[in-house]
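Student: I have a new structure to look at, and I would like to learn how to read it. Could we go through it together, one feature at a time?

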Amino acid sequence: MLHRRDNTARPGAAFRADAAASTLKRLVGEDGAIVYQDTASGFVISIPHRDGNGQIDRTESWPLESEHVTAYMTQLFMSAPENTEGYVPTLTCLNDARRALWSEATMARRQVTTALRVAERDGFVYIDIGDDTRDVIEIGPGTWKIVPGDTRLADKGILFRRIDGQRPYPRPVRDEKKPDAMIFRQLVPNVSDDDFKLLCGWMLQTFLSDRCDRVGLSITGGQGTGKTFLTEMLQALTDPGELTSKPPEREADVAAVCADRRVFVADNLTSIKSELSDTFCRIATGATVSMRKLYTNAGTVSIRLHSSLIFNGIALQLRRSDLAERVIQIELSPFEGGQRRTRSEMQAAFDTLAPALMRVICDALSAVLRYRDEISGIDHRMGDAVKAVTAVERAGVFPWKEGTFQRLLIASQKEARLDVTADDPVMKAILAVARFDGEGTAEDIFRKMLELSTPQEQRSLPDSPCSMGRAILRHEKDILDYGYKVDRRKTRAKRFFVFIPTEGCGNDGHSQ
C-alpha cells in the first residue's frame, strides 16, 4: 500500500507554493488583521498598529488590493519565524490569500463603512491628516482640535481608509492672530475679486459630508498664468496626492481614479468629451457605477463615486450645459509687474502659508457646524454648498458680505450656460424658431437644426423629431436664460412648442 508523503512535516514546507496561500492567510489572522466588506469601496483590511509594549493602540484600514497591503502581507510572510529558508510569496500566493480573506469576510457578513480622509459624525467633522502620526483633526461647532487617531475613534464608528499615493494635509497651527481667507489672496494675485471669492467657496465645499452635492472648478488662462501651480496648491489643501495628467478616456477609467479621490484633477485640457460629461455630472452628485468584473463574462462590480472636480486649460470648453452648471469657472490674468515669481519661490511661499491656510479651513468648517442650521432661504441646485459658504460668511472667516457667494455663483452659472449654448446647433435652431415664428413643432425645429449644422456636427445631435422634442425639454432652463419661457400647445394633429418672451427678452448679449 502506497502512503502519501506528508510534506507539511518538512522544514519550511508551509511556505512552498502548494501551501503558501493558506500559510499567509493564517499569518494575517494571527497578526490581528481583519478583512471587511466596505459598503463604500469594496473590501478593506484593518491592520493593527502596536505600541512599544506590543499592545494594539490603533488600526489602519487599506483597500485589500492596494500596494500597501501587498507590502504588509509580503513582510508578514518573510518575517515569520518558521520561514527559515527566506521564501518570498509569489503574486499567485498573494492573490489566492486575498481571495480566501474576502471570501471569508463575505460569508461571515463582516461589513463596515469607511471614510476617505473626511468623516462627519454626531455633529462633528473629522479629518485624517494622513501622516505617520495618524492624528485626526476633530472639528465641532465653533471649535477644533487635533486628537490621536486611536481606537477611540473606531469606537465612535469612524474608520478611515488610506490609499496608495496619498499625501498628508498641512498640519494646522493656532496663532494669537486669527487668520481669515484673505491670506490666500497673496498666492493668487492674478484672479479677480469675484473669482477669488468663488475659489474660497469651492475649497470649503470639498470637505462637506458625502451626502452633499459636489461643485467642480474650471481654471482657464493664457500661457504662464500659473494654472498648473494653482491646481497643485488647491489639491494640496483639499486632497493631497498625485496630480492626474489628463482625464481618462472611458467611464471605467474615470471610476477607477475617482473611487479613491475626494477631488478628481485633470491638468492641461482643451475640452471634455461629451460622453464623459454625464459621468462627471454623476460624480458631482454621487452615483454608483456598475461595470463588468475583469476576467469574467457575467460578474459585475459596483463602485461608489462622489468627488469634487478640477479641470484646467488655456481655452478649456465645457460643451454641455448640465456640466457647466455644476462647475465654477475662473480665469487667470497675465501677471503684472512684480507679481511673477519663480516656481521655487511660489512653492516656498505656499509651504510657509499652508499651516495657516489649513487653520482657515478648520475655522470655516467649525463655522459651518455652528451656523448652518440658522441659514434659510437658499434656493439653489447646489444648496448644501451655498448654505455652508453662507454660514462661513456670517462668521466672518470669509470676510465679505453674507450672500456674496450665492450671488456670484448664480451669475457665473448663467454665464457658463450661455457660453456653452451659444454655438450649440440645437439651441441655434430653437432660438431661430422662437424669435421669428414664436412657436413650432419638434419636426420644425429638427429641420432648422439640420440647416444650421454640418454633417460632422449632426453625428452627436438629435437624430429624429422625437429626440429633438426631448432635447427641447432638456434645454428648457437654457432657453429661459435667453429670455423665453417654453409652453406647449396641442391640436388634433400636432403638438407645438410655444416660446413666450419674458421681461427683458432681446437685450441679451448672446443673441444670435
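Student: Which residue has its charged end over the ring of Trp 144?

Tutor: That is Arg 174, whose charged end sits 3.9 Å from the centre of the Trp 144 ring. Keep in mind as we go that this is a predicted model. Another arginine to look up is Arg 489, which lies over the face of Phe 496 at 4.5 Å from the ring centre.

Student: What does the protein chain hold in helices and strands?

Tutor: You will find 17 helices and 17 strands in the protein chain. Of its 512 residues, 50% are buried. As for the surface, the accessible area of the protein chain is about 25700 Å², and carbon and sulfur atoms account for 49% of that.

Student: How many of the contacts join residues at least 24 apart?

Tutor: Start with the contacts in the protein chain between residues at least 6 apart in sequence: 66% of these join residues at least 24 apart.

Student: Now to the rings. How many aromatic pairs are there?

Tutor: The structure holds eight aromatic pairs. Take Phe 184 and Phe 196: their ring centres are 6.2 Å apart and their planes meet at 35 degrees, so this pair is tilted. For the reasoning, planes under 30 degrees apart would count as stacked and over 60 as edge-to-face.

Student: Where in the chain do Phe 184 and Phe 196 lie?

Tutor: Phe 184 is in the loop between helix H4 (151–155) and helix H5 (193–205), while Phe 196 is in helix H5 itself. The two are twelve residues apart, and the pair links distant parts of the chain. Together with Phe 398 and Trp 400, Phe 184 and Phe 196 form one aromatic cluster.

Student: What is a disulfide, in general?

Tutor: It is a covalent bond between the sulfur atoms of two cysteines. In this structure there are zero disulfides.

Student: How do I read the length of a helix, and what does helix H12 reach from its first C-alpha to its last?

Tutor: The idea is to compare the reach with what is expected at 1.5 Å a residue. Helix H12 (residues 404–421) has 18 residues and reaches 26 Å, close to the 26 Å expected. Its buried residues include Phe 405, Leu 408, Leu 409 and Ala 416. Among the elements that cover the buried residues of H12 are H5, helix H11 (383–395) and helix H13 (425–436).

Student: Which residues does Gln 413 touch?

Tutor: Leaving out residues up to four places away in sequence, Gln 413 touches Glu 325 and His 380. Gln 413 is in helix H12 and is buried, with a relative accessible area of 5%.

Student: One last residue, please. Where does Asp 128 lie?

Tutor: Asp 128 lies in strand E6 (residues 124–128), and at 3% relative accessibility Asp 128 counts as buried. Its contacts beyond four places in sequence include Arg 117, Arg 162 and Tyr 169. Arg 117 is eleven residues from Asp 128 in sequence, and their C-alpha atoms are 5.0 Å apart in space.

Key:
Residues numbered from 1 in each chain as written. Predicted model: local features only at pLDDT ≥ 70, side-chain atom pairs only at ≥ 80, totals over all residues. Heavy atoms only, no water. Phe/Tyr/Trp six-rings, centres within 6.5 Å; stacked < 30°, edge-to-face > 60°. Helix = DSSP H or I, 4+ residues; strand = E, 2+ residues; numbered from the N terminus. Lys NZ or Arg CZ within 6 Å of the ring centre and 35° of its normal. Buried < 20%, exposed > 50% of the residue type's maximum accessible area, 1.4 Å probe, protein only. Contact = heavy atoms within 4.5 Å. Areas by Shrake-Rupley, 256 points an atom, 1.4 Å probe, with all protein chains shown as cover. Disulfide = S-S within 2.5 Å. Expected span 1.5 Å × (residues − 1).
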